[in-house]
Every structure is written in C-alpha cells, then in structure tokens.
Amino acid sequence: MEVENGASAGGDDVDADIIAKTCLLGGFSEANETRSILSSLPEVHGDQRTTEHVTQRFLVIMNGYQEQPHLLDPHLEWMMNMMLEYVRREDCPPSLLHLSFKFLYIICKVRSYKIFMQILPHEVSDVEPVLQMISRQDPKDLETWETRYMLLLWLSMTCLIPFDLSRLDGYLMSTGGKKEDLVMNRILAIAKVSKVKQKCLGEFLDWSLTMISQSRDTSVRDMVLDGALQSLAKLFKHGKRDDLLQYAPTVLQCLEQKRLSESTEAMLRKLNVKLIQRLGLTFLKPRLAAWRYQRGSRSLVANLSMSLQSSSGAAQTPQDSDEQEEDYDIPEELEAVIELLLIGLKDKETIVRWSAAKGIGRVTGRLPKELADEVVGSLLDCLSFQETDSAWHGGCLALAELGRRGLLLPSRLKDVVPLIVKSLTYDEKRGACSVGSNVRDAACYVCWSFARAYEPKELEPFVSQIASTLLITTVFDRNINCRRAASAAFQENVGRQGTFPHGIDIVTAADYFAVGNLNNCYLNISVFIAGFPEYTKCMIDHLTAMKINHWDCAIRELATKALHNLTPQAPDYMATTVLPQLLKMAGDTDLHSRHGAILACGEITHALYKVALQTNRYSYKCVDELKTIHFKVSADEAACKCFRRNRRGFGGALMRPAICSLIEKLSLSKLPLKNDPVLTGWQWVIDDTLQTLHLISSGNADDIIAAVVSALSALCEGYYQDETGQVDSQMQDVLVSQYTEGLKSPQILTRCGSARALGCLPKVMIHNKLSQILEGLEQMCTITQKEGSFTEARRDAVRVIAGVCAHGRPDSVLCSENAAEVFGVLLSCLNDYTMSSRGDVGAWVREAAMTSLMELSILMASSAPDVLVPELVKPLMCCLAQQAAEKIDRYRAHAIKVFLRLLHSTDPAIPHIPHREELLHIFPAETVASLNWKAPSEAFKYITQLLGLPEYQYHTLLGLSVSVGGITESTVHFSSQSLFDFLKGIQGDSETLGQFGDTLLRIFRDSLHNDRVSVPLLKMLNQLLNNSCFEIFTTQENHQFCVDILDLCKEFKKSKDISKLSACVSVFCGLIQFQGKVRKRVLSQLLLLLCHPFPVIRKTTANQMYEMLLTYDDIIDAEILEDVMTCLSDTNWLSDLAIVRTHRNQLCDWLEVPRPQLVAKVTVYHY
C-alpha cells in the first residue's frame, strides 16, 4: 500500500507497529469445491431449498475474487463447458437450464463480460441451438433474466462467424409443420441488430428512427430511446461508410427534429452528441489530413534512435497540395454536424462536453485546412467572457484534442495561448462561491497536450506566459486538483520542451505531493519559486489582482501572508507599485477587495520594515496614505457612523479584524507616528470593538478578540513608551482602569475581550498596576462563579492571571503577600462545575486554572521558591489529584499531565510536594511518558494508588466517586475495577479500611446537598456494598460506618429526585448485610419507601427488596420468607396508596418492624 509522503513524513505521529495488510490470493483455491458444486447441479435443481444453498455458496466463492478476477482465467473454460454440457442436452429440464445460465452469469459478472464472451463457443453449429433456446424464453419472466442475458451474449459471438447468414437457411420443418423463418430474420427479431446490409440494414434503421421519433418525454431516460441511440452510434462507428452514407442525412434530420440537446437527461444528450460525431465522420472520407502538424515519432525510443542517426529532428511542415485539397468533398450536412458539436461543447454536463470535444477533434481531422481553421476560430469564440464556464471548459477540452492530434497549427498559437493563459486563472464568482475549477483543470490539460504536440521552437515565444501562469496555478489555485494538474503540466513541459526557466529545480520543489498542502504552497513554495527573477513579479501581480479580492476569506488571508513573504524578493517593486495599488483598493466599495487590501497593506509594510532593518534603508513615502486607510473609516463623523453601522453582521466581522491587523503591523513597523492624532483613532477602534463585540456573530468573536489583543499589544509597545522604556503614565492609567471596568460589563464578550486586553499589556504597562489588575480579575472569577454565568469570561480571566504575573517586573510579581490570594482564586476555579445546555462548561475554567497554576508554580519555584510554601503546594497537588480521577477524558488527561509536570520538574524543582517519593514510585518517569491518559483502561490503575496516601485520599476518592458512579460505560468499568482492586489489597487491614470509610463518610457529609457528587457517590457506595468491600465491618454488630451511612441516606427521604431516591434504595438494600439493630432500621426505611408518593419508587423498592431477600437468606425466618416474597412480587405497587399501605403494613408485621404512623398535618392560622 502506498502512503503519501506528507503522511509518512511525520514520523512522531505514525506508529511503527502499524502494518497495512491487503487480502492477496495466490490462486483459485476453491477449484475442487467449485467442481463438485457444478457437478451437483443435475441433482439439486429440483429442490428449491438445496438450490438456494448451493447458489449462495457459489456466490460466496466467486465474490472472493472480485479484486483478483484474473485468478479464475485458467479455470473459466472447464467451468463453462460443464454448464454448457447441461444446457445442450435435448432432455434438459427448464429448471436446470436456468440454473446453469445463472451460474454462468455469476462467473461472467466477476470476470467481466468482455473477457468471458471470448471463450464462448462460436461455431456454425452453435447458431441454430442458441436461436432455438432464445425463442423459447419468455421476456416477461423476471426470474430468468440471467438466462436471456447469457444467451444474447452467446448469440453476439455466434454472429461473428465469417459466412453469409443466408447460407444457414435450411427451411427446416418445425414441429408444427411450418417452415422456420430465415436465420437472419430470427436474429433481427431477437436483437434488432443486423450484420447483413443487403436486406436488414434499412429495416433496422427505420425501426430505430421510429423509436426515436415516437419517444415523447425526453426529460426522463427512456430505455428504448437510450438503446436506439447506442445501437446507432455503434453501427455508425463500426459499419462501412459506403453502406451507411445514404442513411446518414436521414438520421441527422431525425436528431435535429428531436432536439435531444435540449433534453434534461444528461445521458441522452451525450448519446446524441456521440451519434452526431459518428454521422459527421460518415459524411467525410476516412483520411489522415496531410496539412496536420507532425512533431515526429511519438515513441521516445524512436526519437532517440533518429537523433543518433541525424540531428534533423524538426517537425514536418505541412505542404499545401492542390491535388489533395481538390479531393475533399464536403457535404452540406457537415455544417449542421459541427454546429451541434459546438453546442455540445457548451452543455452543462462534463460527459457531454467531453464527448463533443472528442467529436470536434475527430471530424476536424478529416477537413481541409481552411475549414479546419474555421472550426478553430469557432472554438476560440467559446473562450470569451460573454460565455459561461461550461463553454470555456468545453473549448479548452476541444483545443487540447486538436493540439494532441496535430490539428492546431503553430500559426494559431498566437491566438490560442493568450486565451489558455486566461483559462488557467479563470474564476467566476457566483453568489457566495465561484465556478471555474473545471476550466482551469482543462486548461492544464491543454498545456500538457501542447508539451507533447509541438517542437520547442514553436512554443518558445510563449514559454514565459505559459510557465509563469502554470506556476501561478500550481501554487495559488484554491482547488487541490487544479494545483496538481498544473504541476503535472509544468513537469511535462519541462521534460518535453526543455525551455522552461529553472524547470528541474521548480519541479523538484513543487511536485505532486508538495502542492497538496495549501498553506505550504502559499507560504513556502511560492517563496522558493519567486526567488527566480522570471517569476517574481508575475506571482506578486497575480496575488494583488486575483487573490486579494477573492471570495474565500482564507485565500485572502493566505495571499496577504504570501505577499509578506515575497516582499524581500522585490522590495522596491512592492513599495513603488504594489502598495499604491493596494491603497487605492482599500477604499473600494467591494467588501472583499477592501478587506484584502487592508490586510495586504499591513503585511507589506511590516515586511518592508524587516527588509529596511537588514539593509538600513528606511522609506516612509506611504505613511500618509496608510494613515488615510484608518481615516476613511473612522476620522470624520460620517465615516464614523458608517463604521459603527458596519460593525454589525458580516461586514463588521471582516473589517474590524482587518483594521486591527493594520494597526498591529504598522505599530510593529515603527512608523514615525509618535504623538500623531491617528493614534487616538486607532485606540478608539480597539476600544469600540471591545465594547461592541456582542453585536457580531459569536462564531467570529474569538478571531476578532485575538486581532484586537494583538493590535493593542503592538500599539502599546510601539507608541506608549519612549526609547528609554518609560511608559506614558496617563495612558497607562486610562487603559488599566478602562479594561478593569470592562470586566464588570453585562456583555460576556466584552468581559472576555477586556480580560485578554489586560493580559496582553506589556511589562511596563503592568508596572505598579498588578494589584489593581489582579483585584479586578479575582472579583470577576469569584462573583460570576457563584452566579454560574460568564463562563468564557472566567476562563479568559484565569488564563490572564498567570500571564500578568509571569510578565510583571520584579517589583510587581507574586510575593508572599499576594501569592496566597492568587492561588486561592485559581484553586477555587478548580471547583467550577457550571452546567448549561452545552454541558459541563465549567471544565473550560478548570482546564485554564490547572494550566495557570502550573505556570505560576514553575515561575515561583525558579524566581522565588521561598514564596511557594507548603500551604500552597499541598492543596494544589490534592486538587490536581481530584481532577485526575474525574470522568471527562480530556480534562482528566490534562490534570494528570500537569500533576506529572510538577512532580517530575527538576529545573526548577517544585518544593513541598506531599509524599514525593511515593509519588515517584507510583508514577516513574520512564513509564508514564508513554501512557495514554485519556484511556480509562490505562489511567485509573495508577490514579487509584493515590488512595493509599493520606494527603491525597480525600480528593482522589472525591474524583473517583464521580467516575465510578457515572454513566459512561468504559469509565465506570475501569474506574470501579481499579477501586475494587485497591480495596481488596487493604481488606486485611481494618485500620486502613476504617480510614477509607471515614474519608468516604466525610465526602458524603460535605456533598450532601451537591447533586453532582451525592448521586454518583450513592451509586459507588452501592457497588462497594454489592462487592463485599466492607465485609469485615459486617461481622460487627451496629458498626458505626453502617449507622452513619444510614443516617446520611435518611436525609434524602424528602427529595423529589427519582435517581437519588433509587440510589438510596439500592444502598439500603446493601446495608442489610450489617448485623445488629441497624438491620431493623434499614428495613424500616425500606418499608417507608414502599409507600412513597412516587409510584416508580414504590415499584423499585419492592423489586430490590425481592432481590435482597434472595441474596441474603438470613434476614427473616424461613417460615415467613415465602409469604413475604409473594407479597412483594404479586402486589401492584403502582396502585393507590390506600391499597398499597395495607400490604406494606402486613409486611411490617411479618418482619417485626413497627408500622409507620401517619402524621396529621397541622394547619396554623394567623390572626
């Protein structure tokens, strides 16, 4: 199996163990079984059941060779002979006949009819039997269609005997005493096909034309019309011209009247074009045009041998000959044929256009030079901008056919090449997309065919145009097939012509696989090709003219980045020619042009600045024009209103990031704009965008915020501080106050933007403002977490906290005074479990908090390890252990990676990690690096070992409770299994098991009113009880663990949560295994639930009590066991409470449990 080098190149992502295997067979191994199956047909054909079994087995055998049917070739003959032997018997029953032909059809289907029909017998003696068998078939019998199919295939072979069929007419007497009809007529009656022109050709053509004329609805594919057109096309393709010429005008007239070119069925239009081209070839004598262009031998070996003998390898120049020209006889109908073929070139379906193009090539090859030149002129008319993309595509295909056949003379290249160059970049916008990829692909085919058709000297004047345009398509086309087609065409020209500049180097860099990646084409390959002066300016001009205003935003952005990369190749051209053009486009009314031009201006300006740094040549000629881009949208009041209007919808989503990108690039370019009024306008754009993010589609918000943040950072770095690094204190106060105030905005996107804006501020802007920034971020995190809103804003704020602290100056970083506060906020974010319609959205905050805590811990360990006290490290590691034990694979894996990063960090080492040595033993560095922590099967067997460490037991068990009691099957299975394995290891240690039980009770008490934990915890507790994990507690009477669990579960009796109540019932049934008075208390709670207001709880309780009594047979006396079981199973616990209460009270009496007493409701009146 071949693998693309793009995939195999990334060795780190490809497993070496993976081996691609294909099913390769060495031969027909079932030959003996097949022979026995075919031999059994005479015995089994009468039994339908056995016949179906044998047929199915034969199908299974044959279908195994669908991919390697050639393995059947040595066995085809004996299999066919065995079945033909059956059908040739005079006493062959119909069922055996049909079964034999069905088996023949199965073989024919696997091996293909073209191969199989070659071995069918086709002697004279076979004609009559085949005709007789066909005549006995019922065409309306749908069950035996395989028989008719194979007989027709056989008949088509017998018709190839080299004798006149009239010699076979013996006037044999039939059984009814009548004479048999002529063999020829009998064949015609069956297949409507004749080989004998003298008597049957006219009749067959009359029948075919009648079928065509009588077909009514050409919008639906008519099988009769389809068959008639196909048979006529085959007839005019293989028949003799002398026999068919007299009928051709009539057939053409019929097709013109039928107007099949207007049919809505593509296949009918294709067959119409196919037949018309065959008619055109019939009108013209078969000839090889003497005027055609001949390059010489098409064989490379022949060309090489000729070059060794003689250096005269020039093409043969056609010589006009009056005698040859006079020999042409052009009928009037040919004009109609060519016109219909030209119409076919403009068809909306590719299959029709391709058939018409081949027809144009074939017909033109039989025309005189003048008429052929007129055909070429008509084709060139198809390549005008008044025509549709279909006409362009068809015209390119036809030109390629003419060039390939030598029918496009070199004198026409000056007219053809400019149109082909336009076709290579043809892109017509249609609504929100464009058409033209098929045109560009066909144009590449034209260039490929020209490389093979013409001598290098003929194409030499056009090498520059063709080479540059092919490379533009190779690198910049949006469609991968067009890029690869252009690459192949360029490679063909390099190999065949040898005149393309730097061809070998370019072909090596821009091969089939390299051009498959669009980013690689725009950003890397284009730079390499532009390094050759012949291609530099044409590539830049194409990007400026065609790609900057492209309808696809991704293409526009890639084009601007490509211009950035190409600027060092032609900096003067960019500055003096391209940039002024883009500045004019920046004020265009077209949104796409304006968007691309603004992005490109920023990229080119930044690239020119980089070039200036290297050459020490600075030029600021376009500064004023660059400033006007902003003023056009924000300086005057009218434009300001327009800009505000455009901030909504699609226009705002495009223009605001573009303006921000321009601000960023101009700031990075350090243009001389210090204290310029334009800076105020730029800041206004940034601030206004942050304040109005809610007016733009949320899908684009992240990209817009990223653009705003980048622009703000560059603006602050470039213009809000002087050369000495001193910050503008007034602007610092304004920005910090403004963005901290934005953290309180009622709009979530404004809060996100404000938080990220604070995070992007340079170090000097944070100086002496860290406390103010941290206070704003912390307030937003704590307040919104309590409200359960603004989740995305909390996520961004958590990320920014780490960034702000990491980028601060020595006098404004974390210290002993604020470290505890910052860590406290981030640790509280690890308990963010906000739920919404999107699911556990709080996981975004937890993930960000884990990352921030890791970054801050490493930062503090390297810069101020004394600040990282045990009181900070212990809760951090414990909370990470909890997250590492929870149920969501992605966040569990992230938590484990952060945990291990801190544990194994050596430079710097994280101090005060509890149980460091034990953790290193559990998580050895050489083992954990290769594990897939997202897989529950690999993660939980390591995580559960943390339960043995006292410092981590509470948090690890808390996280495991959610996983073990979850709903994901794989997570529940592997987490519970790992937990059970841990508990089995401590079964003999009552003290350790007691500590585990105390921890479990502590979690239960802490999470009593937290449904996220309490319900899974109850489910986990039920599993522990069912698996006898507390067996040593059950031997003690009234064990405190059971009493505490019972008391805690009683807190849920007033709950209205069905899942929680059902889990409580399961836990009560598990607690019944404990000894002492507590068992009566458990039974009392279960009997209370038998009369719960919810019928489903009553039913669930009864079912589980029934299973409990089956499991624990020592609960009640054997004398009453049967009565209790019968009462639980036979009572309808879904009925009214009054009825149910009677049966419940009876159970109380049998189980010696006091009957629950109804408590009267007390009504309090207030006077």
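**View 1. Ser1084 sits in helix H57.** Helices here are DSSP runs of H or I with at least four residues, strands are E runs of at least two, and both are numbered from the N terminus. This is a predicted model, in which local features need pLDDT of at least 70, side-chain atom pairs count only at pLDDT 80 or more, and totals for chains, interfaces and linings use all residues. Residues are numbered from 1 along each chain as its sequence is written, and side-chain values use heavy atoms, with hydrogens and water left out. Ser1084 counts as partly exposed because its relative accessibility is 22%; the cut-offs are under 20% relative accessible area for buried, over 50% for exposed and in between for partly exposed (1.4 Å probe, protein chains only). Look across to Leu1151: Ser1084 and Leu1151 are 67 residues apart in sequence, but their C-alpha atoms are 9.4 Å apart in space.

**View 2. Arg1079 is also a helix H57 residue, and H57 covers residues 1078-1089.** Arg1079 is at 11% relative accessibility, so it counts as buried. What does Arg1079 contact, leaving aside its neighbours within four places in sequence? The partners are Ile1072, Gln1073, Phe1074, Asp1114 and Ile1115, where contact means heavy atoms within 4.5 Å.

**View 3. Thr999 belongs to helix H52 (residues 990-1006).** With a relative accessible area of 8%, Thr999 is buried. Set aside residues up to four places away in sequence, and Thr999 touches Gln953, Tyr954 and Leu957. His955 is 44 residues from Thr999 along the chain, and 9.5 Å separates their C-alpha atoms.

**View 4. Asp688 and Arg656 join their side chains in a salt bridge, 2.9 Å from N to O.** Asp688 lies in helix H36 (residues 677-691) and Arg656 in helix H35 (residues 649-668), so this pair ties together parts 32 residues apart in sequence. A salt bridge is a side-chain nitrogen of Lys or Arg within 4 Å of a carboxyl oxygen of Asp or Glu. Why can such pairs form? Side chains of opposite charge can pair when their charged atoms come close. Are these two partners buried or exposed? Asp688 is buried at 7% relative accessibility, and Arg656 is buried with a relative accessible area of 1%.

**View 5. Arg794 pairs with Asp832 in a salt bridge, with the closest N and O atoms 2.7 Å apart.** This one links distant parts of the chain, 38 residues apart: Arg794 is in helix H42 (residues 791-807), while Asp832 is in the loop between helix H43 (819-829) and strand E3 (835-836). Arg794 counts as buried at 0% relative accessibility, and Asp832 is buried at 1% relative accessible area.

**View 6. Asp840 and Arg846 form a salt bridge, their closest N and O atoms being 2.9 Å apart.** Asp840 is partly exposed at 21% relative accessibility, whereas Arg846 is buried at 3%. Elsewhere, salt bridges with shared partners join Asp373, Arg412 and Asp415 into one network. The structure holds 31 salt bridges.

**View 7. Lys114, Lys234, Lys237 and Lys274 gather in a positive patch on the surface.** Patches are made of residues with over 30% relative accessible area and no salt bridge; like charges are joined within 9 Å, and nonpolar side chains (Val, Leu, Ile, Met, Phe, Trp, Tyr) within 5 Å. Lys and Arg count as positive and Asp and Glu as negative, with His and the chain ends not counted; each charge is placed at NZ of Lys, CZ of Arg, CG of Asp or CD of Glu. Lys234 comes from helix H12 (residues 223-238).

**View 8. Glu256, Glu332, Glu335 and Glu339 form a negative surface patch.** Glu335 is in helix H18 (residues 333-345). With a relative accessible area of 62%, Glu335 is exposed.

**View 9. Tyr113, Trp145 and Tyr149 make a nonpolar surface patch of about 290 Å².** Accessible areas come from the Shrake-Rupley method with a 1.4 Å probe, and for residues only the protein chains shown count as cover. Trp145 is in helix H9 (residues 145-158) and counts as partly exposed at 38% relative accessibility.

**Zooming out. The protein has 60 helices and 4 strands.** Of its 1167 residues, 52% count as buried. The accessible surface comes to about 55900 Å², with 51% of that belonging to carbon and sulfur atoms.
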